Each structure stands twice: as C-alpha cells, then as structure tokens.
Amino acid sequence: MRDIAKNSVKEKLARDEVVASITVRLVPTVEIVRIAKTAGFDSLYIDLEHSSFSIETASQLCIMALEAELPAFVRVPANTPEYISRVLDGGALGVIAPGVRSAAEARAVVAAAKYPPLGARGLSGGLPQLAFRSVPAAQALPALNAATLVIVQFESAASLAAMDEIVAVDGVDLVMIGSNDLLADLGIPGEFDHPKLRDAYERTVAACRKRGKHVGVGGLASRPDLVAQFVRMGARYVSTGTDLGFLMSECQKRVKQVRDIAR
C-alpha cells in the first residue's frame, strides 16, 4: 500500500521523530513549496482558515508538494465534508480540523476524511496522491486511508474537558494545540507562561501516549523556549510559523541593520 500512496510525516511520527512544519497563508504559488523543501521542512501546513486562499490554490500547492515529497496538510475553514473531502481530493495528505470540541465533532472529521470502512468519504478516481493513475478501489482505499493524516485542534476549554473522548476516536492521528486561541478561550490571552498552558500540553501528551496518538505544537513561533519544553515533554509535530511571519521578521531585521548603521 505504501507504494500506492505514502506519507513521510506519518512514517516519521511512527518512529517518534520530531516533524517541522511551515504554515503557508501568504504565498499562493508553487515557489513556496520548493523553498520549504530546500529549507529542510518536513511538512507544509496550508491554512484556509486564516487566509484568502481558494481550494484551487490549495490544490496546486498540494500537488507540487506531492512532487517534492513534502506532505501537505490543509487546515479547513469549517469542519464539513464539503471542505474536508475537497482538499483531500485536491492532493492534501491530511486535514487539520480547527476548534474540535467533542468526540462527536472528531468522529465527523474522520468520517469526512476516511473511506469506508473507517469513514464515509466519497470515492473519486485518478487522485493526485495516486499520481492520477487508475488504481482499483480495493487497493486504493486502504492505501489512501493509511496515508491520510487526521489532525484535530484543541483551542478551547471544551476541547480540554473532552480530551480523553476525542483522543480515543478511531482515525484521529494527532492533536495540535492552538496555543493562542486556547489561551484566549481560557481568559488569559497571550500569557504563554501561564501554568494552564503547560498543564494543557502535559495532559494532552499523556492522553495521546495512552492511545498511540501524537501531539502538535501550534502558535508558539515567538517562544522557541516553550516549543523546546513541549517537545521534550513528548510533542512531535511543530508548527514553526507562517510564511508571512518569516518574511516580516527578516524584513524588520534588515531595516534595523540599516538604521543602526546611520546612528
């Protein structure tokens, strides 16, 4: 099945390796995929929740990512089959479902992302993940199910309260904590050093370890010290930041260099 469709990120996670991801929400063209590959990233995280990208743009990036052997995952703007199945049909090797608050919501995401018997995703032939080949369904469906990564995001107190039930959902591979939204929902926006955030990571890592699932770190690009702590704790997928954030940071650094010369 691996020869039909493969996902190197799932393989790395299975080996307990740390995965570095870049979030794309600014650059809509394929150059960003090549840049990410050359830089050494393991994964592309295409954000349709907080960008003006279309599904077509996401598909073009995903198809280029397949050619670069750089698994692309798409965060959908809503956890509905209309978005989930379309981004997967467009070439994504996984879906990132924001704001999941219950096991029922997690099961709905899995149902939209996976083919029977694991889910209810409709079959479409000649997918990008299959190199547009015609592969018999008896071979294609289990291979695509195995290759597709399902990521749910914890971004609220409700998510934490339903943690054990959500993590137990068959088909959920990884829980990514959206640190910024979680802190805002907890009434402590921007307080990255608050013990409630560390507690959220500790509990999520423990719950995922019991079930053989994985944990992702999100929203902490400005705090590499905390990222390091949570990776040592057991998190394995790191969202390192956005293309916009990297560009702005480097631009500001270069301007400061010039201004400092004149002082």
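## Surface patch, buried helix face and aromatic pairs

L244 is partly exposed, with 40% of relative accessible area, in what is a predicted model. The residue belongs to helix α12, which covers residues 243-261, and together with L26, L247 and M248 L244 makes a nonpolar surface patch of about 350 Å².

Helix α6, made of residues 137-147, has A140, L141, A143, L144, N145 and A147 among its buried residues. The cover over these buried positions of α6 includes α1 (8-14) and β5 (149-154).

The aromatic pairs come to a count of 3, and two of them are described here. F73 and Y237 form a tilted pair, with 6.2 Å from centre to centre and 50° between the planes. Because F73 lies in strand β3 (residues 72-75) and Y237 in strand β8 (residues 237-242), this pair ties together parts that are 164 residues apart in sequence. F73 is buried at 0% relative accessibility, and Y237 is likewise buried, with a relative accessible area of 0%. Y201 and F230 form a stacked pair, 3.9 Å centre to centre with 10° between the planes. Here Y201 in helix α10 (residues 195-211) is linked with F230 in helix α11 (residues 224-233), distant parts of the chain 29 residues apart, and both Y201 and F230 are buried.

The structure holds 0 disulfides; the accessibility of two cysteines is set out below.

| Cysteine | State | Relative accessible area |
|---|---|---|
| C62 | buried | 1% |
| C251 | partly exposed | 39% |

How values were computed:
Residues are numbered from 1 along each chain as its sequence is written. This is a predicted model: local features need pLDDT of at least 70, side-chain atom pairs count only at pLDDT 80 or more; totals for chains, interfaces and linings use all residues. Side-chain values use heavy atoms; hydrogens and water are left out. Patches are made of residues with over 30% relative accessible area and no salt bridge: like charges are joined within 9 Å, nonpolar side chains (Val, Leu, Ile, Met, Phe, Trp, Tyr) within 5 Å. Accessible areas come from the Shrake-Rupley method with a 1.4 Å probe; for residues, only the protein chains shown count as cover. A salt bridge is a side-chain nitrogen of Lys or Arg within 4 Å of a carboxyl oxygen of Asp or Glu. Helices (H or I, at least four residues) and strands (E, at least two) are DSSP runs, numbered from the N terminus. Buried means under 20% relative accessible area, exposed over 50%, partly exposed in between (1.4 Å probe, protein chains only). A disulfide is a pair of cysteine sulfur atoms within 2.5 Å. Contact means heavy atoms within 4.5 Å. Rings of Phe, Tyr and Trp (its six-membered ring) pair if their centres lie within 6.5 Å; planes under 30 degrees apart count as stacked, over 60 as edge-to-face and the rest as tilted.
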